[in-house]
Every structure is written in C-alpha cells, then in structure tokens.
Amino acid sequence: TGADRVSAADAESMDYLDAKNLIAPNTRADLLGNALVLIAPASLKISLRIAPGFGLAEALGGGRLALATPQSVPAGRYGKAALTALGVWDSVKDRLAQGEDVRATLAYVARGEAPLGIVYATDARIEPKVRVVGTFPENTHEPIVYPAALTKDAKPDAARFLAYLKTLAARTVFERAGFTVSGSP
C-alpha cells in the first residue's frame, strides 16, 4: 500500500510529484508558511541587522555558519538564496558547518559549535538554547510554503484528513507552533 496524502517541505518537491502525475488533480494546496531566521547561541550577545552586504562573515569570527546542506535540503536552499540576494554568500560559502537537516543545523548552534546558523523560525522557537538574531526578508528567497495533496489513489479518510488540516482548529494549532497559515478555514 502507498501513501494516501503527501505533504512536502517545499513547493519544488510537490512540483516534482505533480510532474510525475502522482497527485490527484485539484487537491494541492499550500497549507503553511514559515520564515527564515539567523540564530545564535542564547548566551552569545551578537547583534546584526540583516540587510544587503551585512557583516555576516565578520560576525562569525573564527567560527562557521551552520546551514542545512544547500544541495539537498530546502532550508539550505532558502538560506543560500537569501545570502546570495543580500550579497554575502561568497564571503561565507567556504565557512559552512553543513547539517544534514534543519534539526542538525539547529543543534550545532544550540551546542555552541557554530556562532550563527540559519533555520526556520518554527525550529528556532522550540530550542531554548538559541535566540533569533534576525529574520531574513521574504524577498530574498522563494516563499517558504508547505504544500499538501492527495495521491491519485487516496482513500476517503485521506480526503477528510486533508480537509481537517484546513479547519480553524488545525489553524490554531499551526499558528501556536509559529507557522503562518495559508488561506482561510
């Protein structure tokens, strides 16, 4: 048996499934959104204003920037895009502590192994050992959305669950976790 419903970490992944004709027509919806943030260990008193040409490399001192692997992890792709748009990618691209996912990246900073890192706002929110230094402007990267859809062979329960994810009750849970919710219930 296969999956009845699929949720993706980014639009690109859902586009791939759609191109392979694996999702049911007219069931795809962008359910949630997120923000990309720069974090530091909670004890590190660093202050940076995220803007074009900002001093990220200097702020790292002798340390590395924690970032999920840009070649394979959506958060890493968003981070690289944001740093490129701000004109600072070249100054830090050889100073990365690459995590296999966002949680590994978050852990590098939480443990003090990296002085700064880039993660989703929702992940930073759940780790008391880090603090948000700043939020990357939305116009520096593709929108961070989490789409969902039914597979072509989805059972009725999957359709009901997807409908539930669009209700006010689900919206409240998602917003409490720090997500932005697309559309209205």
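Predicted model: local features only at pLDDT ≥ 70, side-chain atom pairs only at ≥ 80, totals over all residues.
In what follows, contact means heavy atoms within 4.5 Å, and angles run from 0 to 180 degrees between N-to-C directions.

View 1. The chain holds eight helices and nine strands, and its C-alpha atoms fill a box of roughly 55 × 30 × 30 Å when taken along the principal axes. Buried residues make up 46% of the 185 residues, while the accessible surface of the chain comes to about 9,700 Å², with 52% of that area belonging to carbon and sulfur atoms. Among the contacts between residues at least 6 apart in sequence, 76% join residues that are at least 24 apart.

**View 2. The open sheet of five strands, in the order β5-β4-β6-β3-β7.** Pairing within this sheet is mixed. Strands β5 (96–99) and β7 (130–135) stand at the edges and have a single partner strand each, so one side of each is left without a neighbour in the sheet. Neighbouring strands are turned against each other by 35° on average, direction ignored. Strand β3 (residues 36–41) pairs with β7 in the antiparallel sense over five bridges, and Val-37 stands opposite Thr-135 in β7.

**View 3. Helices α3 and α5, each lying across strands of the sheet.** Helix α3 lies across β3, β4 (65–68) and β6 (116–120), and runs at about 125° to β4, whereas helix α5 (residues 102–110) lies across β3, β4, β5, β6 and β7 and runs at about 145° to β6.

**View 4. Helix α3 (residues 74–85), its length and its buried residues.** The buried residues of α3 include Pro-74, Ala-75 and Gly-76, together with Tyr-78, Gly-79, Ala-82 and Leu-83. Just after this helix, Gly-87 takes a positive phi of about 75°.

**View 5. Helix α8 (residues 168–176), with its buried and exposed residues.** Ala-170, Arg-171 and Phe-174 are the buried residues of α8; they cover an arc of only 100° around the axis, which puts them on the same side of the helix. Leu-168 and Arg-176, on the other side of α8, are exposed. The buried residues of α8 pack against β2 (29–33), α7 (156–164) and β9 (180–181), and just after the helix Gly-178 takes a positive phi of about 100°.

Key. Residues numbered from 1 in each chain as written. Heavy atoms only, no water. Helix = DSSP H or I, 4+ residues; strand = E, 2+ residues; numbered from the N terminus. Expected span 1.5 Å × (residues − 1). Buried < 20%, exposed > 50% of the residue type's maximum accessible area, 1.4 Å probe, protein only. Pairing = 2+ DSSP bridges. Arc of directions from axis to C-beta. Areas by Shrake-Rupley, 256 points an atom, 1.4 Å probe, with all protein chains shown as cover.
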